[in-house]
2 protein chains.
Amino acid sequence: MSRRIVEMETYDIRFPTSRELDGSDAMNPDPDYSAAYVVLKTDDGHEGHGFAFTIGRGNDVQTAAIGALRPYVLGRDADDLGALYKEMVGDSQLRWLGPEKGVMHMAISAVVNALWDLKAKRHGKPLWLLLGEMSPEEIVDLVDFRYLSDALTPEDALRILRKAEPTRRERIESLRKDGYPAYTTSPGWLGYDDEKLRRLCKEALDQGFKQIKLKVGADLEDDLRRFATAREVCGPDFPIAIDANQRWDVASAIEWVTALKPYNPHWVEEPTSPDDVLGHAAIAEAISPVPVATGEHVQNRIVFKQLLQAGAISYLQLDSARVGGVNENIAILLLAAKFGVPVCPHAGGVGLCELVQHLAMFDFVAVSGSMEGRVIEYVDHLHEHFADPVVIEQGCYVAPSLPGFSAQMRPASIAAHLYPDGSVWSGS
Amino acid sequence: MSRRIVEMETYDIRFPTSRELDGSDAMNPDPDYSAAYVVLKTDDGHEGHGFAFTIGRGNDVQTAAIGALRPYVLGRDADDLGALYKEMVGDSQLRWLGPEKGVMHMAISAVVNALWDLKAKRHGKPLWLLLGEMSPEEIVDLVDFRYLSDALTPEDALRILRKAEPTRRERIESLRKDGYPAYTTSPGWLGYDDEKLRRLCKEALDQGFKQIKLKVGADLEDDLRRFATAREVCGPDFPIAIDANQRWDVASAIEWVTALKPYNPHWVEEPTSPDDVLGHAAIAEAISPVPVATGEHVQNRIVFKQLLQAGAISYLQLDSARVGGVNENIAILLLAAKFGVPVCPHAGGVGLCELVQHLAMFDFVAVSGSMEGRVIEYVDHLHEHFADPVVIEQGCYVAPSLPGFSAQMRPASIAAHLYPDGSVWSGS
């Protein structure tokens, strides 16, 4: 049976979220959530969808970068996924543009994720289950261990996966029954007033979320007041994380978090540059026992490796669409398991919840084997544009049951949000 | 007098260097040296030229990224350089594509460097001299200290610059008289046979170069033989550096360099991933006293800061076109001076020698104030395409005297090498 990739389409899709101040934080005052979107089609009639998430300007560049991968993809066997991944990441000329970071790496991520969406659909399974039923040897084969061997070897990875293997089936059943716990960032955007914050905190509790998160870092007086407000609504023990979106240098991070310490932050997220491993380590040491979390902007497995080696993070925030797609994210899940650090994925934006739930569930089934201290971020925006949107029940992600990676956007949503000619932008 | 930027042109320029195996190394077997090239024009008739260097595929994406900066640049006052730099780097939407790394950051670099070329031309001075005559306060104003304050403050920077200020004039004169020492990589490409290596080593000595460099990392037996050959030609004390172009993991770097140690490497360059600060530090400790050098792929000042903080490098290899242009490179020169690490810039490719000589000379005049242990890389390729090509005399870069940043390519070279329609590519 043939399954050659015969077509690759790209779309520059943007949602005018800045009009509502949804998603506003200390570094991103007016994002227009966007997707540089790719559709792969095979000659046996299947489609794989994937995307890189951006927040507006530059989404055209991101889309062009995906388009530049067309020669690598067209004519290839869709099952040749592992080879294709390594070829794109390792291409000697393309890697000059990174290596393994930024626009070109996110483009590879979009294509790799589309290949996985395609594969899961062809196998008739949701991605988390497809991955969760692969053998430890098959999973290890998906990983590029280059630059990891001082922290994680293929033998380490096999050991981790084999330990979880005998009990996979019960965790698959538990996921189908109870889902995976979520936390919500919806109350905490900087653009919201205190009344809205209070109301949304209450709603989060009522909806059964396990944690909330507040954006901080623009103004300390505001943050103290907003944190006090949230604490008052949520009670003294409810987990409230704070997120500075890279706003601080090392000293200001320490000072600011120390001021917020009385409100008992569950973690402080992105206190400084995602590139600053040593900075994160210095902050973590100084603000202990407040845990540090980061990951949504961490460019690849090599930086995650160092964050773990340096003891700089207590929570690893996997992102589904920044590093080199599913394959590199499996490497990162294995690294986290090796260092015993829980993965609490980043989500939100457009479609990031849809994608990352599969990775967290795969982690639970086949890698860490645990939900302890783990929650997936949830933001209640833009799900209506997806063919298989996430479902939240009792504050938990319901395990996806449809085949694929939940990456597919609805055709009408794509058409309306094409930039700059879709009706949402042209007004026509 | 008006000096508004009224036009911005971009060009995808590629040289078919892979046909000759020039520039072949362990990671880059067949590069086509390329420039994503930008020309800014003002309404008073001046032009600024700049480019991002790539090695072939993806140069279209890089050119598109530069094009995406058009709205930031058009209509702006060319003297508004500092503000424009901070605006592009800090743009909340664009920075999602990095932040400050990869394709988008290199695009900003190209535009910032073109603005400096323009400014230097309008002032009628070569860039190294224009910068070298600015006051310490003006220089500090060019720098974005975000994420640096744990290692370098504006006060630190002022102290460094003020210390060098009284003796600037004598160093300007010494540069004009004797130039700046160079080393050559031309003998050491992997694609050359031993006979060619021997001949080119001899030529390098005859031409007065202060150091040579060999590419290593593809095959240890070959490397041992090639290093022995070069050592035999150059004598026991001549500095011979080795360059692995990121080929190794930590353990294999240590093993490989240890095997080459008897030939006394002057430094080992890019032993592993440019993202791996802790890896570089571990390698440096294990192979001591062989010094570690890196920088051509280091994405920004934040990673350089950490390499210095961790004691991971003994030589810092500045690249003119990867980080955010002249402004960020000044931050990096200041960091190196603060930590007392000599800067030995990366060059080669297309136009990198032309650009980086200005930064090394500025460093000598106004920042480190020293040439000790410092050499600029030199590769004798593609200079004929530049309007103001580098000149090497007695193994030294001659200080440029024409106004600008030496960034301007000759119109005929641009036309012939446009990809894919220039005569070199279309064969027409």
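Six nonpolar, two polar and six charged: that is how the lining of the largest pocket divides. Keep in mind that this is a predicted model. The lining has 14 residues. Which of them lie nearest the centre of the pocket? B:Trp116, B:Lys119, B:Met134, B:Glu138 and B:Leu142. Three elements of chain B give two or more residues each to that lining. They are α3 (81-90), α4 (102-122) and α6 (136-141). The largest share comes from α3(B), with four residues. The volume of the pocket is about 250 Å³.

Now to the charged pairs. Side chains of opposite charge can pair when their charged atoms come close. Over all chains, the structure holds 72 salt bridges. I'll take three of them, then a network.

Start inside chain A. A:Asp243 and A:Lys213 meet through their side chains in a salt bridge, 3.7 Å from N to O. This pair links distant parts of the chain, 30 residues apart. A:Asp243 sits in strand β6, residues 240-243. A:Lys213 sits in strand β5, residues 212-215. Are these two residues buried or exposed? Both A:Asp243 and A:Lys213 are buried.

Next, a bridge between chains. B:Asp276 and A:Lys305 form a salt bridge at 2.5 Å, N to O. On the chain B side, B:Asp276 lies in the loop between β7 (265-269) and α12 (277-287). On the chain A side, A:Lys305 lies in helix α13, residues 301-309. B:Asp276 is buried, and A:Lys305 is buried too.

B:Glu173 forms a salt bridge with B:Arg176, and their closest N and O atoms are 3.4 Å apart. Where do the two residues lie? Both are in helix α8 of chain B, residues 168-178. They are three residues apart, about one turn of the helix.

Then the network. Salt bridges with shared partners join five residues of chain A into one network: A:Arg3, A:Asp44, A:Asp77, A:Asp79 and A:Arg122.

Back to contacts between the chains. The side chains of A:Ser92 and B:Asp30 are joined by a polar contact of 3.4 Å. A:Ser92 is in the loop between α3 (81-90) and α4 (102-122) of chain A. A:Ser92 has a relative accessible area of 9%, so A:Ser92 is buried.

Now the annotation. An unreviewed UniProt entry places a feature at residues 194-290 of chain A: "domain: Mandelate racemase/muconate lactonizing enzyme C-terminal". What does the model show over that stretch? The chain there is 52% helix and 13% strand. The end C-alpha atoms of residues 194-290 are 25 Å apart.

A:Gly208 is found in the loop between α9 (194-206) and β5 of chain A. Why is A:Gly208 counted as buried? Because A:Gly208 has 18% relative accessibility, and buried means under 20%. Along the chain, A:Gly208 and A:Ser406 are 198 residues apart.

Note on methods: Residues numbered from 1 in each chain as written. Chains lettered and ligands numbered in written order. Predicted model: local features only at pLDDT ≥ 70, side-chain atom pairs only at ≥ 80, totals over all residues. Heavy atoms only, no water. Buried < 20%, exposed > 50% of the residue type's maximum accessible area, 1.4 Å probe, protein only. Polar contact = N/O pair within 3.5 Å; in protein donor to acceptor, adjacent residues only side chain to side chain. 1 Å grid on protein atoms, 1.4 Å probe; cavity = no way out; pocket = protein on both sides within 12 Å on 5 of 7 lines; lining within 4 Å. Points joined across faces, edges and corners; volume = space filled by probe spheres on them. Nonpolar A, V, L, I, M, F, W, Y, C, P; charged D, E, K, R; others polar. UniProt positions renumbered as here; feature names shortened; annotations may be inferred. Salt bridge = Lys/Arg side-chain N within 4 Å of Asp/Glu carboxyl O.
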